[in-house]
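Please look over the chain shown here together with the report that accompanies it.

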Amino acid sequence: MITPELREPAEPSQPSEPRQPSDPRVPAEPRELRDEVDDLVAGWHAERPDLDLEPMQVLSRVSRLAKHLDRARRTAFSAHGLETWEFDVLSALRRQGPPYQLSPGALLRATLVTSGTMTNRIDRLASAGLVARYPDPLDRRGVLVQLTDEGAAVADAALTDLLAHERELLAGLHADQRTALATLLRVLLTPFDSYEQA
């Protein structure tokens, strides 16, 4: 008689944990995403396989994002009757804190334009009641450009709308991805900022 083989008793099956519903606020991980830059790079690779196209993978995307950001900025600012350059000047003053003053030279450095261009811009903003000129107490020949109450209110409202548009542009990234991207872009941009300030 053959003794049946002894077997370990089967462990009772554990109930599977219920699947947690996905958080709609967190975007799904991208799977095999493809954009126009991929097609652009593929086309160049087919025609010029001898070239290293890696810079194009990064900077062509930066360039395209800049176009979307420029469109978002113009939309946000136009809702408050501003052009992009007007917001740049107003925000440079607003960031200084009370009394929201800068010399024309400091505004030049903050907005990266020529002296003649800045003079014209200050004239136009002053005519609109958004800034005012005052004598510089430390320089008899100098003036200070100061944000008016109306200018501060317009700058604040435009900034609020701009941030809403920018959040939409970044909606496809997790918070940690946004932080990582900001860090990488800072590393890329810092040498250029240092050169311009020299």
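The report below describes a predicted model.

## Overall architecture

The secondary structure of this predicted chain amounts to seven helices and three strands, which follow one another along the sequence in the pattern α-α-α-β-α-α-β-β-α-α. Of its 198 residues, 22% count as buried, and the chain exposes about 15,500 Å², of which carbon and sulfur atoms supply 56%. Among the contacts with a separation of 6 or more, 49% are accounted for by residues 24 or more positions apart.

## The sheet and the helix across it

The three strands make up an open sheet, ordered E1-E3-E2, with antiparallel pairing. Strand E1 (101–102) and strand E2 (131–136) are the edge strands, each pairing on one side only. Between E1 and E3 the antiparallel pairing extends over two bridges, and Gln101 has Gln146 in E3 as its bridge partner. Helix H3 lies across E1, E2 and E3, and runs at about 100° to E3.

## The nonpolar core

The largest nonpolar core has 24 residues, and the members that touch the most others are Phe77, Leu82, Leu90, Leu93, Leu107, Leu125 and Val131. Two or more residues each come from helix H2 (54–78), helix H3 (84–94), helix H4 (104–111), helix H5 (115–127), strand E3 (139–147) and helix H6 (149–169), with H3 giving the most, namely six residues.

Leu107 illustrates how this packing is built up: leaving aside residues up to four places away in sequence, Leu107 touches Val89, Ala92, Leu93, Leu102, Met118, Ile122 and Val145. In soluble globular proteins, nonpolar side chains tend to be buried together.

## Salt bridges

Over the whole structure, 10 salt bridges are found. In one of them, Asp88 is joined to Arg73, with the closest N and O atoms 3.0 Å apart; this pair links helix H3, which holds Asp88, to helix H2, which holds Arg73, across 15 residues. Arg73 counts as buried because its relative accessibility is 18%, below the 20% cut-off, whereas Asp88, at 29%, counts as partly exposed.

A second salt bridge brings together the side chains of Arg124 and Glu83 at 3.8 Å, N to O, and connects helix H5 with the loop between H2 and H3, the two residues being 41 residues apart. Arg124 is partly exposed at 41% relative accessibility, and Glu83 is likewise partly exposed at 41%. The side chains of Arg133 and Asp123 also meet in a salt bridge, at 2.5 Å, N to O, which links strand E2 to helix H5.

How values were computed. Residues numbered from 1 in each chain as written. Predicted model: local features only at pLDDT ≥ 70, side-chain atom pairs only at ≥ 80, totals over all residues. Heavy atoms only, no water. Core = buried A, V, L, I, M, F, W, Y, C linked by side-chain atoms within 4.5 Å. Buried < 20%, exposed > 50% of the residue type's maximum accessible area, 1.4 Å probe, protein only. Helix = DSSP H or I, 4+ residues; strand = E, 2+ residues; numbered from the N terminus. Contact = heavy atoms within 4.5 Å. Areas by Shrake-Rupley, 256 points an atom, 1.4 Å probe, with all protein chains shown as cover. Pairing = 2+ DSSP bridges. Axes fitted to C-alpha atoms, helices over the stretch in contact; angles between N-to-C directions. Salt bridge = Lys/Arg side-chain N within 4 Å of Asp/Glu carboxyl O.
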